[in-house]
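Please look over the model below before reading on. The report moves from a few single residues to the whole chain.

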Amino acid sequence: MDGTIYVKPERIRQYVIDLFGYYHVSKADAGMIADNLIDAEIRSVTTHGLTRIPLYTEKLISGLCDARAVPEIVRDYGATALIDAHDGLGQVAATKAMELAIEKAEQFGVGYVGLRNGSHYGTAGYYAMMAEKRGMIGFSMTNSGAFVAPFGGVEKRLGTNPIAVALPAEKHLPVLLDMATSRVSRGKLLVNMKKGEPVPDDWALAIDGSRTTDAAQAFRGILLPLGYKGYGMAAIVDMLSGVLNGSRFGVAVDTPKDKPIVGSSFLAIKTEAFCEQGEFRRNVDALIDEIKNVKLEAGTDEVLMPGEIEFRAEIANRKKGGVPIQPFQISELNEQAAPFGFTFEEYL
C-alpha cells in the first residue's frame, strides 16, 4: 500500500481518547472504543477501524448517541442476563456485555448476555476474542440498519447482521470466524468510496435496483445477501439480537431520524464444562492439522483457517512498527481533530 505508515498502537489510542474527550466521553469509555478500532486496524480490517470514527462523532453531535450513557443490567437470571445500553456508544456496552458473559461462564460453564438499545459496536470478532483470550469459546452477533435485501428481493429489509465465533487452539493460531451475512460489509463499500475505487457488480444494487460498480452508488444503495444461506443467517441474527432482546429489528433499526436502536448477543463457553482441561485445545489443533493436510487445488498454496489471514496480518504489522495507516485515513483523522485545534500528525 503506497504511502502507508506504521504507528504505535498506544499513540493511536491516545489520539482517540483525546478526540472523544471533546465529545464528553470519559477516558475509560474512549479507551474501549480505541481498543476495538485498533484491533481492527492492526489486523488490516480497515473497514471497521478508524474510518468509522466520523460515524460515531456524527451521532454524538446529532444526539443520536449519549456519550454519558451507563449500561444497565435489567434482567439477571442464572447464566443469562440482559443489558440496556440506553443509546450509548456501541463498544462500551458491548465490552461490558461480553465481560459479564465471561463472568457467568466462569460460574455456570456458559454465559449468555443480550444487549438492547445499543449502537454500532465495531467488529463482532473483537468480542468473541475476549472470551478466547480467557481460554473460552466466544460468540458475538448483532443486527444493524436495514441495508440488505432478502434473497430474491430488491428492497432493504435486513442489516449486514454479522456473526463471530472464536475458539482457542494450543499450537496453532486461534480460529476466528467473523463475517457479515451480506455479500460484503457496508464498511467495505465505505472504504472503496473514500479511496475512489470501484466495486464488483454483485456486491450491491443502486437505489433503483440496478447493478452498479460505483462504490458511492453501492454505499447509498442496497447490499445483496451472501446468497440464500446468508439471508437465512441474517434473519436469525436479527431474531436473536433484536427480537429476543426487546430491541428494534428489520427496517426499524438505526433509522436516520431516530436514535440507533441496535440489538446484540454475546455467548461465552467454558470448555472445561464439557471436556478435560486442555483437551479441547489439543483436539482443535488436531482438526486444524487434518484440514490443512489436504491435496491442494491448482493455484492454491495452502489451506487457511478462518481468521488466519487477519492474525498473520497482525503479526506482520507489529513487526513493521504497529498499526498501518493509509494516506486517506491521515486526512480524515486530521479533519476530525481540526475543530479542536490539533492534528493526527501530532501523535505520529
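## Val 70 and its contacts

Val 70 touches Asp 84 and His 86, leaving out residues up to four places away in sequence. Contact here means heavy atoms within 4.5 Å. Val 70 sits in the loop between α3 and β2 (72–77). Helices (H or I, at least four residues) and strands (E, at least two) are DSSP runs, numbered from the N terminus. Val 70 is exposed, at 58% relative accessible area. Buried means under 20% relative accessible area, exposed means over 50%, and partly exposed is in between (1.4 Å probe, protein chains only). Val 70 and Ile 38 are 32 residues apart in sequence, and their C-alpha atoms are 23 Å apart in space.

The model is predicted: local features need pLDDT of at least 70, side-chain atom pairs count only at pLDDT 80 or more, and totals for chains, interfaces and linings use all residues. Residues are numbered from 1 along each chain as its sequence is written, and side-chain values use heavy atoms, with hydrogens and water left out.

## Two positive phi angles

His 86, a contact of Val 70, lies in the loop between β3 (80–84) and α4 (90–108). Its phi is positive, about 55 degrees, although His 86 is not a glycine. Most residues other than glycine have a negative phi. His 86 is partly exposed, with a relative accessible area of 33%.

Asp 87 is found in the loop between β3 and α4. Asp 87 also has a positive phi, about 65 degrees, and is not a glycine. Is Asp 87 buried or exposed? Asp 87 is buried, with a relative accessible area of 16%.

Asn 36 belongs to helix α2. At 0% relative accessibility, Asn 36 is buried. Which residues does Asn 36 contact, leaving aside neighbours within four places in sequence? They are Gln 91, Tyr 121, Gly 122, Thr 123, Tyr 126 and Tyr 127.

Lys 270 is in the loop between β10 (262–269) and α9 (279–292). Its relative accessibility is 25%, so Lys 270 counts as partly exposed. Lys 270 touches Ala 105, Glu 106, Gly 109 and Met 136, not counting residues up to four places away in sequence. Lys 270 and Glu 106 are 164 residues apart along the chain, yet their C-alpha atoms are separated by 6.6 Å.

## Helix α1

Helix α1 (residues 9–21) has 13 residues, which at 1.5 Å a residue should span 18 Å. The expected span is 1.5 Å times one less than the number of residues. The end C-alpha atoms of α1 are 18 Å apart, which agrees.

The buried residues in α1 include Ile 12, Tyr 15, Val 16, Ile 17, Leu 19 and Phe 20. What covers the buried residues of α1 includes β1 (5–7), α2 (27–42), α3 (53–62), β11 (323–325) and α11 (327–337).

## The whole chain

The protein chain has eleven helices and eleven strands. Its radius of gyration is 20 Å, close to the 20 Å from the globule rule for 348 residues, so the chain is as compact as a globular protein of that length. The radius is taken over C-alpha atoms, and the rule is 2.2 Å times the number of residues to the power 0.38. The C-alpha atoms fill a box of roughly 55 × 55 × 45 Å, taken along the principal axes.

Buried residues make up 54% of the 348 residues. Among contacts between residues at least 6 apart in sequence, 67% join residues at least 24 apart.
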